[in-house]
Amino acid sequence: MINAIQNWLKTGAEVQEGLRLLGLYAPNNHLHRLVSLRPEQFKHLLIERLSSLLPSTPPVSLTIPPVAKIPFREQWPFLSDKDCPNELKILAADKITAYRNYTTAHQSLFDCTSLESCFVVAKKVVENFIENRKIHSELAYYKEHHVVLGKHPIFEEVKRIAELRQLPVAELFRRKTNLEEAIWRVQSEIRKGNKPHLLSEREQRLSAKRRELAEVERIISGYGTIQHQ
């Protein structure tokens with residue numbers, strides 16, 4: 001078994017051969033069906049499962065370099081600079097969240113009891129891995145060039161928030177009401193839990209609307225301060 005898996009890994013980890021080895025040494029119908037349906041997306045799960053059978057070889061997996069190796073603020077020292085764009089500070093917090101979501105979901109992969117639950121958990125692993133890497137690209141680019149890359153959706157979001165400052169007070173109050181209702185709807189969708197495959201998208205939408213609401217309330221509060229001066 002050990003030689004067969006090691007040779008498979010050394011020769012490129014071809015999917016069909018990997019599925020054959022999975023059936024021989026670690027039968028898992030849910031994983032077999034998942035990889036068969038979407039080999040490019042979930043091949044890493046097959047590699048990780050078979051690698052875990054090797055007694056002296058760490059599992060080969062889709063992993064993010066551990067944050068703990070270098071303190072976060074030391075890895076990205078520019079976050080403390082006065083001229084650091086607010087977008088990067090928001091992304092830094094989101095990066096930590098994405099990493100935590102990734103590791104939590106990754107630990108749950110082999111506790112799945114159905115194809116649907118396996119798909120949902122694997123989807124969360126992949127989505128948070130991708131989100132973490134998108135943010136890493138933004139931070140790494142700024143660290144090297146001291147200008148933003150600007151490809152992450154957060155930059156469009158911040159642009160929309162900046163446009164709020166141009167709105168009249170009456171429109172700001174209408175926007176505040178609309179945002180509060182939208183936040184309530186998203187929270188209700190999350191609480192129902194009837195579409196777990198949409199959880200990641202809903203959480204991101206909720207965070208964006210909360211940030212926009214906070215800015216609207218800050219602007220409205222500023223108007224109140226001006227009137228009392």
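This tour moves through the structure one selection at a time and says what is there at each stop.

The structure is a predicted model, in which local features need pLDDT of at least 70 and side-chain atom pairs count only at pLDDT 80 or more, while totals for chains, interfaces and linings use all residues. Residues are numbered from 1 along each chain as its sequence is written, and side-chain values use heavy atoms, with hydrogens and water left out.

**Helix α2**

Begin by selecting residues 15-25, which make up helix α2; helices here are DSSP runs (H or I, at least four residues), numbered from the N terminus. Colour Val 15, Gly 18, Leu 19, Leu 21 and Leu 22, which are buried, a word that stands for under 20% relative accessible area, whereas exposed stands for over 50% and partly exposed for what lies in between (1.4 Å probe, protein chains only). These residues are on the same side of α2, because they cover an arc of only 160° around the axis, the arc being that of the directions from the helix axis to the C-beta atoms. On the other side of α2 you will find Gln 16 and Leu 24, which are exposed.

Now show α1 (2-10), α3 (29-37) and α4 (39-51), which are among the elements that cover the buried residues of α2. At the start of α2, select Glu 14, where a side-chain oxygen reaches to within 3.1 Å of the backbone nitrogen of Gln 16.

**The aromatic rings**

Next, turn to the aromatic pairs, of which the structure holds three. Rings of Phe, Tyr and Trp (its six-membered ring) pair if their centres lie within 6.5 Å, and planes under 30 degrees apart count as stacked, over 60 as edge-to-face and the rest as tilted. Select Trp 76 and Phe 78, an edge-to-face pair at 6.2 Å centre to centre with 65° between the planes; both residues are buried.

Then select Tyr 102 and Phe 129, a tilted pair at 6.0 Å centre to centre, with 45° between the planes. This pair links distant parts of the chain, with Tyr 102 in helix α6 (residues 86-108) and Phe 129 in helix α7 (residues 115-145), 27 residues apart. Tyr 102 counts as buried because its relative accessibility is 3%, and Phe 129 counts as buried at 16%.

**His 152**

Finish in the loop between α7 and α8 (154-164), where His 152 lies. Is His 152 buried or exposed? With a relative accessible area of 10%, His 152 is buried. Show Leu 91, Glu 131, Lys 134, Ile 135 and Glu 138, which His 152 touches when residues up to four places away in sequence are not counted; contact means heavy atoms within 4.5 Å.

Methods
Helices (H or I, at least four residues) and strands (E, at least two) are DSSP runs, numbered from the N terminus. A polar contact is a pair of N or O atoms within 3.5 Å; within protein, one must be able to donate a hydrogen and the other to accept it, and residues adjacent in sequence count only if both atoms are side-chain atoms.
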